[in-house]
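I am opening a notebook page on this chain.

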Amino acid sequence: MCGIVGYVGQQSPLDFLLRGLRMLEYRGYDSAGVATINRTNSIHVEKTPGRIDVLKKLVLATKPQGHIGIGHTRWATHGLPTKENAHPHLSFDGAVAIVHNGVIENYQSIRNQLTKKGINFVTQTDTESLAHLIAYYLREEIDKFGKTIKIEEMLPHVVKLALSQIHGTYGIAVLFRDYPEVMIGAKLGSPLILGVGKTENFLTSDAATLAGYTDQIITLSDHELVCMTANSFSVRHRDEGIVERNIEVLDIDPSQVDRGGFDHYMLKEIFEQPEAIQNTLRGRLDHDSATAKFGGLNLTPQQMLNVQRILMTACGTSWHASLVGEYQIETLARIPVEVEYASELRYRNPPLDLNTLLFAITQSGETADTIAAMREMKRRGFPTMSICNVVGSSIAREADGGIYLHAGPEIGVASTKTFTSQCTVLALLALYLGRLRHLNFEAGRKIISALEKLPNLVKTALATNDHVKKVAEKYAHCNSFLFLARHFNFPTALEGALKLKEISYIHAEGYAAGEMKHGPIALVDAVTPSVFVAPTCYVHDKTLSNMQEIKARGGPVIALITEGDQRTTEIADDVIELPQIEEFLQPIVYNIPLQLLAYHVAVFRGCDVDKPRNLAKSVTVE
Ligand code: AGP
């Protein structure tokens, strides 16, 4: 989704802006631009549809001057991805430039009002109305008070006035032609982080862009506005005036955000999974009590015992991880779990028991639907927990308590290591809840032992990479795939299908294997492979029957099996063998070859793996 960067300091802003925008590429975008203020005090804008490389060429050709600038990657919501609609947007008089993430819901009425005042609109975006509004109030303010009012008072004041007129969400960075030393940022519902340097300050929508520039950050809260120069900054809250904010230390090593020798971030992140899972488990296994422990749940064991029902809400891959959690918690802890798409829950009013606990599950912590669903549940008085990767993200901060994944930054648009870390956290949670209820010490000990083996099992799954690549090559020409599995691995099949479709643009459907005969079997033909997740388990024979049904109709079968499973090897066209593993952890290990399969198929088809079309890493609009 859209990304923002801003720089004010002693250097040219272009190094940070262009590197930042390149890092934000992974979030998905269709156009990009930068604005700087040059020595003649005019705002210089370069913007273009397409990739950051194109923008970089434009910028380097014109060599803009100055020490302040803002940049943006746009994911179109209002208006086509054209040069005109790309950010930054200038005000009618060229006095203000703005970049914006979010959606201005009442932009049409602002547009109508300003048009009546003679202001001409040149784009179809919602953001342009805000640029004009700020410039309009700035003029009014200068007309009223002339130069008698302090800049550091006036500029926040006019931005606040403009923001008070809009309904919707925003993260913005604003430049002023006549005040080339000042930048303003503000946020409501879209992330914005202030990076504090020695003689320079930064704004960004993604803290990872600051790695290598500064590790001193302030994560702005909703309704906060920052006014910054090279040597100073002040944060104001809409209702409270100037507020003191503590500086936090950003814990991202620059090496975590490069590709580390891999061709794509996605592949790097797939191979980071043993370490990511190790980090997720670290400090959370309590051998003495044969249970799991969490620092941030903020609920006592007594309060946890009163929980009668768990509701999980999420989107996309995080929704699939939640389904895995449903199987894990219902099996190990015997607590009823429901999993709702956040985009549904936010507008539904399901009847819920009083003792329901909500978990919002999200990599980014910024997904608009998940935030809204969690807020709705909070409003109804239910306690809310987050399971989140990005520290300090909106959901992590707004939830009553939560568990971080500690999987490290995930840059590839396709979630990989965060899916397996989410499933790991949910397994830990199932252990914890189970031990509060009926699981005895010995059962807890066995679960801990299985969890401890997980990083090595994932390494073994990664060792299938060369073989999976060959399988991918064999089937990369196919235009439709089925992914089938039962029980714990039903969500694994859903996730396998999502991974393939999002990065290779191949039609793929995930189905419960037993449900396949009620419709999807009509799709089976010689060029529609069925990928079965078929480890040995108590429903294995049933899965084999489904496999036979596909074979009987001429469909190719790729099967992920427990090593040495001769019966399945004889039926399937291709097998990928994995070690024996406890059922509740199978989705984690069996997901790995599916990630690799999707990755290699996409590469064979020449797709842009890390930046798939139309997709965004973090979906911050509805
Ligand atoms: C999956 O590969 C995608 N990245 C997408 O489905 C993602 O899981 C979804 O948008 C939810 O994102 P979140 O986990 O950051 O909330």
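I note that the model is a predicted one.

**Entry 1: the whole chain**

I looked up the secondary structure and found 19 helices and 27 strands. The C-alpha atoms fill a box of roughly 85 × 55 × 45 Å along the principal axes. I then checked the radius of gyration, which is 26 Å; a compact globule of 622 residues would have one near 25 Å, so the chain agrees with that expectation.

For contacts with a separation of 6 or more, I found that 71% join residues 24 or more positions apart.

**Entry 2: His87**

I located His87 in the loop between β4 (68-74) and β5 (89-90). Its relative accessible area is 4%, so I put His87 down as buried. A polar atom of the His87 side chain lies 3.2 Å from the backbone nitrogen of His100.

**Entry 3: Thr123**

I found Thr123 in the loop between α3 (107-116) and α4 (127-145). Thr123 counts as buried because its relative accessibility is 6%, below the 20% cut-off. Its side chain makes a polar contact of 2.8 Å with the side chain of Thr125. Beyond four places in sequence, I noted contacts of Thr123 with Glu84, Asn85, His89, Arg111 and Glu128.

**Entry 4: Glu509**

I looked up a residue in a strand next: Glu509 lies in β24, residues 507-512. Is Glu509 buried, exposed or partly exposed? Its relative accessibility is 24%, so I recorded Glu509 as partly exposed.

The side chains of Glu509 and His507 are joined by a polar contact of 3.2 Å. I also checked Phe483, which is 26 residues from Glu509 along the chain; the two C-alpha atoms are separated by 6.0 Å. Phe483 is also among the contacts of Glu509 when neighbours within four places are left aside, together with Phe481, Leu482, Ala497 and Leu523.

**Entry 5: Leu585**

Last, I looked up Leu585, which sits in the loop between β27 (574-578) and α19 (586-604). At 1% relative accessibility, Leu585 counts as buried. Which residues does Leu585 touch, not counting those up to four places away in sequence? I found Ala427, Ala450, Leu451 and Leu454.

I also took the C-alpha separation between Leu585 and Ala497, which are 88 residues apart along the chain, and got 19 Å. Ala497 is the residue I had already listed among the contacts of Glu509.

Terms used:
Residues numbered from 1 in each chain as written. Predicted model: local features only at pLDDT ≥ 70, side-chain atom pairs only at ≥ 80, totals over all residues. Heavy atoms only, no water. Helix = DSSP H or I, 4+ residues; strand = E, 2+ residues; numbered from the N terminus. Rg over C-alpha atoms; globule rule 2.2 N^0.38 Å. Contact = heavy atoms within 4.5 Å. Buried < 20%, exposed > 50% of the residue type's maximum accessible area, 1.4 Å probe, protein only. Polar contact = N/O pair within 3.5 Å; in protein donor to acceptor, adjacent residues only side chain to side chain.
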